Amino acid sequence: MATARGAAPLAAYVLHRWDWSESSLILDLFTRAQGRATVAAKGAKKPHSNLRAVLLPFQRVNVTLGRLPEGEGASDIQTLRQAEWAGGAAMLTGEALFSGFYLNELLMKLLARHDPHPALFDAYAQTLPALAAADEARAQAALRAFELTLLREIGLLPDLAAATLTLQPLRPEALYALRPEAGVIEAAGDEAGLPGAVLAALQAALDRAGLDALQQTCALALPPLKAQLRALLHYHLGSTPLRTRQVMHDLRTL
């Protein structure tokens, strides 16, 4: 999907940035209308560039991009023509900063370029303020809700209200596990599974209630939900560990 000259600006967040030259950057953006996009920000590192204070992580920006190059062998890198700060919360710090970079890494590794997910973009925007909350349980619930939304948006989350193999409704008091290839199944005897009632409530929140209700439902079973989603994400991400997760682990070990 290309953006023509004169088109309306795109709502976006900076997921990652790399040095391109002494004066320029390559950015991985998450835009609401185009999905992920890789762009060249020429001159963004110059001391007097207006872009220096705008192209920051976790800050919403409005960007105007050049057209995608066409033809065989063309690059998928677009030119950043303009960027303006669009308001937002204060920069994340401490543990919240690592959580924010964790979300960015998930998006970069699991989303294809130029594949729009406006609902996921909105969920990302709503999740960032929750990460900065002083309440650790709220921040963890926000992370789990975003993981569920991401997996659903890219088609990797089974229907949580039914056993995948039988399509039968879940028994509220029984414990279930999420498996990458089998979907929702009954948990093993020694496994920290999720109650059927919680899974059904999670599905209802995903379908109708919105992100706030999803976060509140996630808070009902944080430890087993974190374990189940971590295993599911690890499977779909492959054998390479997430860098942000490894850094957090190393810091806690120190």
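How many of the seven residues of β3 are buried? Seven of the seven are buried (under 20% relative accessible area, with a 1.4 Å probe and protein chains only), so β3 is largely enclosed by the rest of the structure. The model is predicted: local features need pLDDT of at least 70 and side-chain atom pairs count only at pLDDT 80 or more, while totals for chains, interfaces and linings use all residues. Residues are numbered from 1 along each chain as its sequence is written, and side-chain values use heavy atoms, with hydrogens and water left out.

**The barrel**

- Five strands close into a barrel with mixed pairing, in the order β1-β2-β3-β5-β4; the twist from one strand to the next averages 50°.
- Strands (E, at least two residues) and helices (H or I, at least four) are DSSP runs numbered from the N terminus, and two strands pair if DSSP finds at least two bridges between them.
- Strands of a sheet pair through backbone hydrogen bonds, either parallel or antiparallel.

**Strand partners**

- β2 and β3 pair in the antiparallel sense over seven bridges, and a hairpin joins β2 to β3 through three residues.
- Leu27 stands opposite Val39 in β3, and the bridge partner of Val39 in β5 is Gln78.
- β3 pairs with β5 (residues 77-85) in the parallel sense over three bridges.
- β1 (residues 10-19) pairs with β4 (residues 61-65) in the antiparallel sense over three bridges; Leu10 has Val63 in β4 as its bridge partner.

**Helices on the sheet**

- Helix α1 (residues 94-110) packs on the sheet and touches β1, β2 (25-31) and β3 (35-41), where contact means heavy atoms within 4.5 Å.
- The direction of α1 makes about 90° with that of β1; axes are lines fitted to C-alpha atoms, for helices over the stretch in contact, and angles run from 0 to 180 degrees between N-to-C directions.
- Helix α2 (residues 118-131) lies across β1 and β2, at about 75° to β1.

**Helices α1 and α6**

- The axes of α1 and α6 (residues 222-237) come within 11 Å and cross at roughly 40°.

How values were computed. Buried means under 20% relative accessible area, exposed over 50%, partly exposed in between (1.4 Å probe, protein chains only).
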